[in-house]
Structures are given as structure tokens and as C-alpha cells.
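Hi,

Here is the structure I promised to pass on.

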Amino acid sequence: MKIVGLFRIKTSIGQPDLVWVKDSGLEFEIPEDRYRAAKYLPEVTTLSWREMEET
């Protein structure tokens with residue numbers, strides 16, 4: 001399993017920011033603190049920001 005960060009997602013105030021990641025063809029979001037703790041690459045500070053889309 002090789003998770004690669006694609007971009008950061010800015011969430012609503014009070015909610016944890018997220019990171020959109022890719023893993024073996026699957027793409028999904030994980031909490032930024034989990035991404036940092038696992039030391040996934042690239043470093044979270046190098047990822048661009050995107051706003052969270054309301055559904």
C-alpha cells in the first residue's frame with residue numbers, strides 16, 4: 001500500500017482539514033493529522049489547497 005497525497009482540503013471552521021490521497025488507483029480523503037502521523041509523501045506543507053465542496 002503506497003499512499004500519495006494529491007492536495008489538501010480546507011474544511012469548515014472547527015472541522016479538521018483533510019488530504020486527498022491516491023492508493024493503488026483509489027482516491028479518497030483522510031484527516032490531515034493522520035497523514036502527518038503516518039509521514040506520507042509528499043510532505044503535507046508542499047500540497048496545494050482546495051476548498052471543501054458542500055453537498
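Below are the findings, beginning with the aromatic residues.

Keep in mind that this is a predicted model.

A search of the whole structure turns up 2 aromatic pairs. One of them is Phe7 with Trp20, and this pair is stacked. The ring centres are 6.2 Å apart, with 10 degrees between the planes. The pair links distant parts of the chain. Phe7 sits in strand 1 (residues 3-10) and Trp20 in strand 2 (residues 18-23), 13 residues apart.

Strands 1 and 2 run antiparallel and are joined by 6 bridges. Within that pairing, Phe7 stands opposite Trp20.

Are the two residues buried or exposed? Phe7 has 13% relative accessibility, so it counts as buried. Trp20 has 22%, so it counts as partly exposed. The cut-off for buried is under 20%.

Strand 1 has another partner. It pairs with strand 4 (residues 49-51) in the parallel sense, over 3 bridges. There, Ile9 has Arg50 as its bridge partner. Arg50 also lies over the face of Phe7, at 4.0 Å from the ring centre.

Now the core. The largest nonpolar core has 7 residues: Ile3, Val19, Val21, Ile30, Tyr35, Val44 and Leu47. Tyr35 belongs to this core. Leaving out residues up to four places away in sequence, Tyr35 touches Gly5, Val19, Val21, Ile30, Tyr40, Leu41, Pro42, Val44 and Leu47. In soluble globular proteins, nonpolar side chains tend to be buried together.

Best wishes

Methods. Residues numbered from 1 in each chain as written. Predicted model: local features only at pLDDT ≥ 70, side-chain atom pairs only at ≥ 80, totals over all residues. Heavy atoms only, no water. Phe/Tyr/Trp six-rings, centres within 6.5 Å; stacked < 30°, edge-to-face > 60°. Helix = DSSP H or I, 4+ residues; strand = E, 2+ residues; numbered from the N terminus. Buried < 20%, exposed > 50% of the residue type's maximum accessible area, 1.4 Å probe, protein only. Lys NZ or Arg CZ within 6 Å of the ring centre and 35° of its normal. Core = buried A, V, L, I, M, F, W, Y, C linked by side-chain atoms within 4.5 Å. Contact = heavy atoms within 4.5 Å. Pairing = 2+ DSSP bridges.
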